[in-house]
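This report is meant for a reader who is meeting the structure for the first time.

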Amino acid sequence: MGVAYRGNIPLEDIAVAFHINPMESATESLNPGFSVTETVTLTGDISESEIVRLQRAAHFCPVGQALTKGSMVIQDVLMWSNGETEVIPITTDIPKLAEPRLPLLASGTVHGSYLKNTKEYDDAGNMIHEGESKVYVQYDTSARSYRWTYQAGHSSEGWVPPPFPFSLGAWAASTVSTLNKLISYKISGLQVELSALNRGNSGQSQGDAASGIVRNRQVLRKIRIDGALNPTISQDIRNALQYDPISIAYKHGGIPVDNNIVIELKKPDN
Amino acid sequence: MNTLNYEEPINVEQPSNIIARPIDKSTVLSLIGTNDDQKGPWPMVMNISHSDKPVVAPPPEYLSVAAWAA
């Protein structure tokens with residue numbers, strides 16, 4: 001919405017649906033374990049060139065860039081409770097993964113719709129916050145389907161998390177999840193923390209999205225563990241981190257997006 | 001491959017804005033905005049991915065896409 005506003009594109013409403021397509025994670029190659037099929041619904045009297053701009057903006061917003069363009073620069077640090085720290089060097093070496101493996105995701109959908117009434121304007125009528133979105137998540141296991149609702153967005157009151165920190169929350173959880181699944185013993189005191197080393201702002205992000213600019217975002221990922229530095233545990237953690245699905249997307253070029261993007265253009269009801 | 005400037009020291013003491021820890025064997029809690037004294041923090045529970053066992057929350061991959069949808 002912010003890109004449309006700044007570009008004077010008459011976008012009245014927007015909704016997006018992602019179908020999650022599970023993929024087997026390979027041990028010799030890196031894939032994040034899923035691809036997505038994206039469907040975008042736009043409402044407004046929008047030209048073909050404006051559609052192209054909005055389509056590009058969706059993949060170049062901060063979260064889109066992180067997931068599909070490998071824009072994240074990640075510095076990992078192991079922090080032991082006795083005060084010792086280890087900086088993990090960035091590496092291209094992919095250790096061969098022994099059992100256990102990460103389980104296959106179930107398929108499902110993520111559907112986002114814009115809450116138009118949450119846009120905020122200043123006294124001069126300029127939009128200062130793009131507002132919030134409601135997101136429905138459906139997860140379809142072989143036993144049953146599950147459904148949840150979330151909200152995220154930009155507002156002055158901060159009732160909901162902004163999208164990029166929301167995505168980082170998922171990544172931190174993914175890291176914990178991956179370490180728990182791939183390391184056969186319990187890691188005492190495990191906690192994953194993230195802090196941004198260079199923070200962007202809304203205007204810059206929207207400018208990048210509109211222009212198709214990939215802007216690297218540097219993040220410090222701290223992995224806290226109880227005890228004293230243990231080389232075996234350190235190496236097991238380093239190996240497991242290479243297979244974290246979202247880290248793979250962030251570092252190695254992203255989640256595959258099926259080219260079957262359908263845009264439904266609706267003229268507003270006058 | 002993204003790179004960092006290794007000449008610059010890393011300040012590991014800088015406060016973290018996102019914290020995640022396991023709740024039990026199958027769930028993880030993330031707190032977003034722990035370093036913001038005016039907004040949040042916002043908690044999110046996620047399931048460690050299981051394709052055939054009962055879940056109480058979506059896996060992290062789904063919420064990363066949810067953030068993109070938002």
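The model is a predicted one. With that naming in hand, the place of B:Pro41 can be given as the loop between strand S2 (27-32) and strand S3 (42-47) of chain B. The peptide bond that joins B:Gly40 and B:Pro41 is cis, with omega at about -5 degrees. As background, most peptide bonds are trans.

**Strand pairing**

Within chain A, strand S1 (residues 11-22) runs antiparallel to strand S2 (residues 34-44), and eleven bridges join the two. S1(A) also pairs with strand S5 (residues 107-115) of chain A, again in the antiparallel sense, over six bridges.

| Residue | Opposite residue | Strand of the opposite residue |
|---|---|---|
| A:Ile20 | A:Val36 | S2(A) |
| A:Val192 | B:Ala20 | S1(B) |

**The interface of the two chains**

How many residues of chain A are in contact with chain B? The contact involves 86 residues of chain A and 49 residues of chain B. Together the two chains bury about 5300 Å² between them, and 69% of this area is on carbon and sulfur atoms. On the side of chain A, the residues that lose the most area to chain B are A:Ile90, A:Tyr139 and A:Phe166, which together account for 9% of what that side buries. Helix H4 (residues 163-182) gives the most to this side of chain A, with 14 residues. Sorted by class, the side of chain A that touches chain B holds 51 nonpolar, 29 polar and six charged residues. Between chain A and chain B the count of salt bridges is zero, while 16 residue pairs are found in polar contact across the interface, both residues being at pLDDT 80 or more.

**Side-chain pairs**

Over all chains, the structure holds five aromatic pairs. One of them is formed by A:Tyr150 and A:Phe166, whose ring centres are 6.1 Å apart and whose planes stand at 85 degrees, so the pair is edge-to-face, the term for planes over 60 degrees apart. Because A:Tyr150 lies in strand S9 (residues 145-154) of chain A and A:Phe166 in helix H4 of chain A, the pair ties together parts that are 16 residues apart in sequence.

The structure also holds three salt bridges over all chains. Among them is the one in which the side chains of A:Arg221 and A:Asp76 meet, at 2.6 Å from N to O. This pair links distant parts of the chain, with A:Arg221 in strand S11 (residues 217-225) and A:Asp76 in strand S3 (residues 72-80) of chain A, 145 residues apart.

Terms used:
Residues numbered from 1 in each chain as written. Chains lettered and ligands numbered in written order. Predicted model: local features only at pLDDT ≥ 70, side-chain atom pairs only at ≥ 80, totals over all residues. Heavy atoms only, no water. Contact = heavy atoms within 4.5 Å. Buried area = accessible area lost by both parts, 1.4 Å probe. Salt bridge = Lys/Arg side-chain N within 4 Å of Asp/Glu carboxyl O. Polar contact = N/O pair within 3.5 Å; in protein donor to acceptor, adjacent residues only side chain to side chain. Helix = DSSP H or I, 4+ residues; strand = E, 2+ residues; numbered from the N terminus. Nonpolar A, V, L, I, M, F, W, Y, C, P; charged D, E, K, R; others polar. Pairing = 2+ DSSP bridges. Phe/Tyr/Trp six-rings, centres within 6.5 Å; stacked < 30°, edge-to-face > 60°.
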